[in-house]
Amino acid sequence: QVQLVESGGGLVQAGGSLRLSCAASGRTASSYTMGWFRQAPGKDREFVGFIHWSGGSTGYADSVKGRFTISRDNAKNTVYLQSHSLKPEDTAVYYCAYRRIGAAGYDYWGQGTQVTVSS
């Protein structure tokens, strides 16, 4: 089992910045992928980005590319989602998720943290 706990959400004005954290615990593998997703009210869950734990390579959705950055702290087993130039349309519940290498999908999900961007 892997447990994921997000933190760092809140209310921010448009144009502002926010950093979300996702702390992983339990039986994490030496190499895996951590993803970030978000879900706005009345909308489907949307992929935001990912990071490969071992090599640190990242990928982002076009909607956040250039504004969001994903990083990791190996010692703390924590992944971060740094967001800049936030827009009202970034308002959503943000989730981190864990995927084993070779798995078809994400196996474990955090509880989510609310991000609200006011105009």
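Me: How much space lies in the largest cavity?
Reply: About 40 Å³, in this predicted model.

Me: What makes this space a cavity and not a pocket?
Reply: A 1.4 Å probe fits at its points but cannot get out. A pocket would be an open set of points. The count of cavities of 30 Å³ or more comes to 1.

Me: Which residues line the largest cavity?
Reply: The lining is made up of L18, L20, F68, L81, S83, L86, Y94 and V115. Two elements, β3 (18–26) and β8, each give two or more residues to it.

Me: How do you know which class each lining residue of the largest cavity belongs to?
Reply: Sort them by residue type. Leu, Phe, Tyr and Val count as nonpolar, and the lining has 7 nonpolar residues.

Me: In what order do the 4 strands form the open sheet?
Reply: The order is β1-β3-β8-β7, with antiparallel pairing.

Me: Why are β1 and β7 called edge strands?
Reply: β1 (2–7) and β7 each pair on one side only. Neighbouring strands in this sheet are turned by 20 degrees against each other on average, direction ignored.

Me: What makes β7 and β8 a pair?
Reply: Pairing takes at least two bridges between the strands. β7 and β8 have 6, in the antiparallel sense. They therefore meet the rule.

Me: Where does N77 lie?
Reply: N77 sits in the loop that runs between β7 (68–73) and β8 (78–83). Its phi is positive, about 50 degrees, although N77 is not a glycine.

Me: Why is N77 called buried?
Reply: Its relative accessible area is 19%. Buried means under 20%. The value falls under the cut-off, so N77 is buried.

Me: Why is S85 called partly exposed?
Reply: Its relative accessible area is 40%. Buried would need under 20%, and exposed over 50%. The value lies in between, so S85 is partly exposed.

Key
Residues numbered from 1 in each chain as written. Predicted model: local features only at pLDDT ≥ 70, side-chain atom pairs only at ≥ 80, totals over all residues. Heavy atoms only, no water. Buried < 20%, exposed > 50% of the residue type's maximum accessible area, 1.4 Å probe, protein only. 1 Å grid on protein atoms, 1.4 Å probe; cavity = no way out; pocket = protein on both sides within 12 Å on 5 of 7 lines; lining within 4 Å. Points joined across faces, edges and corners; volume = space filled by probe spheres on them. Axes fitted to C-alpha atoms, helices over the stretch in contact; angles between N-to-C directions.
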